[in-house]
Amino acid sequence: MKWVTWENVGVDRISSAWLIARFIDPEAEFRFIRKGERISEADGTPFDVPGVRLTHRRGHCTFCTILKEYELKDPVLDRLGAVIDAADTVHDLLPPPEAAGVDLIFRGLRKVTGDDFKALETGFVVMDALYRQLSDEL
């Protein structure tokens, strides 16, 4: 299945793509479009783009929306969702301590990898590592 999001991926788009590839669609193919470009159904399932089903909702990140939409029940994914949400959105509450570091790493990933596909590839390694570490802690 094809999945579409805006180019210049950051923490929410990378982590959402990882969630899709690891837990929803292992054969996922990702495509990136320019910010503001129209998306048709033929392009694929859009995510983290304003106005689509899989995007920010009620002040929470797309990763959290995907968790709910696909009814993914996993305490590690819930904790990762809290970290990604705090890294990607502004909250008045005390964020998980990992959030600031995760945001910093993902902002830097796009800069050093050169393109969105490499950013996803590298970001998936970071997300796999976070998932593994949080699994050991829970």
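1. R53, R57 and E69 are joined in a network of salt bridges. A salt bridge here is a side-chain nitrogen of Lys or Arg within 4 Å of a carboxyl oxygen of Asp or Glu. The whole structure, searched by this criterion, holds ten salt bridges.

2. The model is predicted: local features need pLDDT of at least 70, side-chain atom pairs count only at pLDDT 80 or more, and totals for chains, interfaces and linings use all residues. Residues are numbered from 1 along each chain as its sequence is written, and side-chain values use heavy atoms, with hydrogens and water left out.

3. R57 sits in the loop between strand 3 (45-46) and helix 2 (62-69), and E69 in helix 2, so the pair ties together parts twelve residues apart in sequence. Helices (H or I, at least four residues) and strands (E, at least two) are DSSP runs, numbered from the N terminus.

4. R57 is partly exposed, at a relative accessible area of 35%; E69 is also partly exposed, at 30%. Buried means under 20% relative accessible area, exposed over 50%, and partly exposed in between (1.4 Å probe, protein chains only).

5. In a salt bridge between R107 and D103, the closest N and O atoms are 3.2 Å apart. R107 and D103 are four residues apart in helix 4 (residues 98-113), a separation of about one helical turn. R107 is partly exposed, with 48% relative accessibility.

6. R110 pairs with D116 in a salt bridge whose closest N and O atoms are 2.8 Å apart. Both R110 and D116 are buried.
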